[in-house]
Amino acid sequence: MTENTNVFKRIGWSIYKYFLTIISMFRTNIRDYGMFVALIFIFIVFGFMTNWVFMGPFNFTNLMNQTAYVAVLAVGMTLVIVTRQIDLSVGFLGAFSGAYVVVAVETGGQSVPMALLGALGIAVFVGIIKGFFIAKIKVPSFVVTLAGMFIFKGFLFIKTGNRTISTTNEFFLQIGTGYLPTVEKNGYDIVTLIIGVFILIAVILSGMSSRKKHKRLNIPSEKMEIFITKLFVLSLIIGYLTYVFSANKGISYLLLITVAIVAIYHFMTTQTTLGRRIYAVGGNPEAAELSGINVEMILIIVFISMGIMAMFSGVMYVSRLQNASPKHGPFWELYAIAAAFIGGTSASGGIGKVVNAVVGAIVIMSLKNGMALAGIDANIEPIILGGVLLLAVVFDIYTRNVNAVDMVGIHYAKRQYKEDFAAAKANFAKAKSELKAARSENRENLIEFEYEFTNAQGEFNRIKDKIRGSREADFARA
């Protein structure tokens, strides 16, 4: 009987410990996970309001394609905001780039590669000019890019001749509405299913390999509970995406381009010297310069990067709509900025992930898509988007200095220091009460009561801090 009771206790403690570990992970990384929770909430709410049409294969694939151009802009904008700058010109720069390519192909007689190279050259040149004024001349980025917004709006009108120019070129048709070749069986695309399984296996093997590498190099790894949970959640997400894409038309070229760009930028920002220097400049420009980083060059590179992303975004947009129009461009930059902030990029610079910015873009486009499907008044849409953006910035401010917690360690510490904590708490309460009484009676030896109170408070806080800062590993070693 006793042995069975111990078995149940061990199982119960294992379950309890697992949830403590997950709570610790969430509290410590709340900036990263907050928008994922918001996204799941949005999906459930709009799924319920639309009888789950919102999350169906057709609408979900359409939503991802709608998000592509905003996600690409948000990737570039994240680096701009990380370096404490802003770029208001990317909306009309992107629209102008798209119009430039369409007009060059349809009326200029250029081939698509030449038109794309021309747009790329313009994007790089514009990035250099903006970076020069901001980094070298020290003109605030707000002013430089605001001027750029007006300039490219004018160029867009001139390029399109104030009229919509349609395109029937096969390149734009494939990029905007095309999908990878499919092999359908029982209503599902086999190619997409194979790619999904391949990605799932690659993610699992990559995680296990990284964990082994950390162990070999004696680098602390995340707890096994967290590792398994992350793999489980990632498997669910990959499985769901594989299902919806395979049940519709497969993987679109817009989605493929977006994933490729995000993967490149994720690698660049997390694994390269350039990425580390961009975050160093955003975290503390003066310290970065003193450490030998060419801050001006980093800023120019970031604005060149933003220009290239605007070009890609513009080409993807005109490809999706199959036309270039003077009406394209408004609010693109605001969506990109909002996506970056909602994705956890800090308004103070130095913090932000491109993957999270993409999640922010999905949040914005999900709100637009979901409200349209649910039949909500379109006039309410900007109010909702504004409210979400404000909440994201408030969330950023309140979670900027969150300290790491280990709930399992705290649990152990509470048990170990239980008597000391109780004694310190009682002593503190007693000293506080005596000081209050001494003050009310205006005693002559008041300073002695204040001295006792300060000591009791210090001891109480010391034990509280010791418990809060406890780690499971400390008790495991003990």
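Which residues make a nonpolar surface patch of about 580 Å²? In this predicted model, the patch is built by Val7, Phe8, Ile11, Ile15, Phe19 and Ile23. Ile23 sits in helix α1, which spans residues 2-28. With a relative accessibility of 40%, Ile23 counts as partly exposed.

## The second largest pocket

Two or more lining residues come from each of α2 (30-49), α14 (332-342), α15 (354-373) and α16 (381-398). Helix α2 gives the most, with nine residues. Sorted by class, the lining holds 18 nonpolar, three polar and two charged residues.

## Salt bridges

Eight salt bridges turn up across the whole structure. One of them pairs Glu472 with Lys17, whose closest N and O atoms are 2.8 Å apart. This pair links distant parts of the chain, as Glu472 belongs to helix α20 (residues 472-477) and Lys17 to helix α1, 455 residues apart. Glu472 counts as buried at 16% relative accessibility, and Lys17 counts as buried at 19%.

Glu381 and Lys368 also meet in a salt bridge, at 2.7 Å from N to O. Because Glu381 lies in helix α16 and Lys368 in helix α15, the pair ties together parts that are 13 residues apart in sequence. Both Glu381 and Lys368 are buried. Another bridge joins Glu450 to Arg439 (3.6 Å, N to O); here Glu450 is partly exposed, with a relative accessible area of 30%. Finally, salt bridges with shared partners connect Lys136, Lys138 and Glu296 in one network.

Technical notes: Residues are numbered from 1 along each chain as its sequence is written. This is a predicted model: local features need pLDDT of at least 70, side-chain atom pairs count only at pLDDT 80 or more; totals for chains, interfaces and linings use all residues. Side-chain values use heavy atoms; hydrogens and water are left out. Helices (H or I, at least four residues) and strands (E, at least two) are DSSP runs, numbered from the N terminus. Ala, Val, Leu, Ile, Met, Phe, Trp, Tyr, Cys and Pro count as nonpolar, Asp, Glu, Lys and Arg as charged, and the others, Gly among them, as polar. Patches are made of residues with over 30% relative accessible area and no salt bridge: like charges are joined within 9 Å, nonpolar side chains (Val, Leu, Ile, Met, Phe, Trp, Tyr) within 5 Å. Accessible areas come from the Shrake-Rupley method with a 1.4 Å probe; for residues, only the protein chains shown count as cover. A salt bridge is a side-chain nitrogen of Lys or Arg within 4 Å of a carboxyl oxygen of Asp or Glu. Buried means under 20% relative accessible area, exposed over 50%, partly exposed in between (1.4 Å probe, protein chains only).
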